[in-house]
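Student: I am new to this structure. Please take me through one part of it, step by step.

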Amino acid sequence: MAEWASGPALPPRRGQAITATATVAPSITPAERACFGWLQALEDAISYRLVRLAAPCPGCGPQRCDDHAVDVGLIAGYRNTATHIRPVLHARR
Ligand SMILES: [Zn+2]
């Protein structure tokens, strides 16, 4: 059975028998599906790096140690990449 077959029923259209049941198939394109995958991966990577940054570090002082400076840079890069992916998802809406 298709994933969408158990989706919410639509209200009957004008003239449509009330007993009829219609379902809505999600209209996600392969490109959108790929975008969701990338965004999820980026969110996971950001979360991982944020946890690393939150951990106490004897090497970090007023400035980050090399490892944590890399984390900060990667987070910025991941967020920047996500800002370029999100418009693809919102373009159709
Ligand atoms: Zn550090």
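Student: Please look closely at helix 1 and helix 2: how close do their axes come, and at what angle do they cross?

Tutor: Start with the setting. This is a predicted model. The protein has 2 helices and 0 strands. Helix 1 covers residues 30–54, and helix 2 covers residues 66–90.

Now the pair itself. Two packed helices are described by the angle between their axes and the distance between the axes. Here the axes of helix 1 and helix 2 come within 9 Å. They cross at roughly 160°. Angles over 145 degrees count as roughly antiparallel, so helix 1 and helix 2 are roughly antiparallel to each other. Their crossing is left-handed.

Which residues make the contact? From helix 1 come Ala31, Glu32, Cys35, Trp38, Leu39, Leu42, Ala45, Ile46, Arg49, Leu50, Arg52 and Leu53. From helix 2 come His68, Asp71, Leu74, Ile75, Tyr78, Arg79, Thr81, Ala82, Ile85, Val88 and Leu89. Sorted by class, this contact has 16 nonpolar, 2 polar and 5 charged residues.

Next, take some single residues. Begin with Leu53, which sits in helix 1. Setting aside neighbours within four places in sequence, Leu53 is in contact with His68 and Asp71. Both of these partners belong to helix 2's side of the contact. The C-alpha atoms of Leu53 and His68 are 6.2 Å apart, and the two residues are 15 apart along the chain. Leu53 has 15 C-beta neighbours inside 10 Å, so it counts as partly exposed.

Move on to Arg79, in helix 2. Arg79 and Ile46 are both listed in the contact between the helices. Arg79 counts as exposed, because it has 12 C-beta neighbours inside 10 Å; the cut-off for exposed is 12 or fewer.

Then comes Thr83, also placed in helix 2. The C-alpha atoms of Thr83 and Leu39 are separated by 9.5 Å, with the residues 44 apart along the chain. Thr83 has 9 C-beta neighbours inside 10 Å, so Thr83 counts as exposed.

Finally, step back to the whole chain. Of the 93 residues of the protein, 0% count as buried. Consider contacts between residues at least 6 apart in sequence: 44% of them join residues at least 24 apart. To sum up the pair, helix 1 and helix 2 are roughly antiparallel, and their crossing is left-handed.

How values were computed. Residues are numbered from 1 along each chain as its sequence is written. This is a predicted model: local features need pLDDT of at least 70, side-chain atom pairs count only at pLDDT 80 or more; totals for chains, interfaces and linings use all residues. Helices (H or I, at least four residues) and strands (E, at least two) are DSSP runs, numbered from the N terminus. A residue is buried if 20 or more other C-beta atoms lie within 10 Å of its own, exposed if 12 or fewer, and partly exposed in between; C-beta atoms are placed from the backbone. Two residues are in contact if their C-beta atoms, placed from the backbone, lie within 7 Å. Axes are lines fitted to C-alpha atoms, for helices over the stretch in contact, and angles run from 0 to 180 degrees between N-to-C directions. Angles under 35 degrees count as roughly parallel, over 145 as roughly antiparallel, 65 to 115 as roughly perpendicular and the rest as oblique. A crossing is left-handed if the near helix is turned anticlockwise from the far one by less than a right angle, and right-handed if clockwise. Ala, Val, Leu, Ile, Met, Phe, Trp, Tyr, Cys and Pro count as nonpolar, Asp, Glu, Lys and Arg as charged, and the others, Gly among them, as polar.
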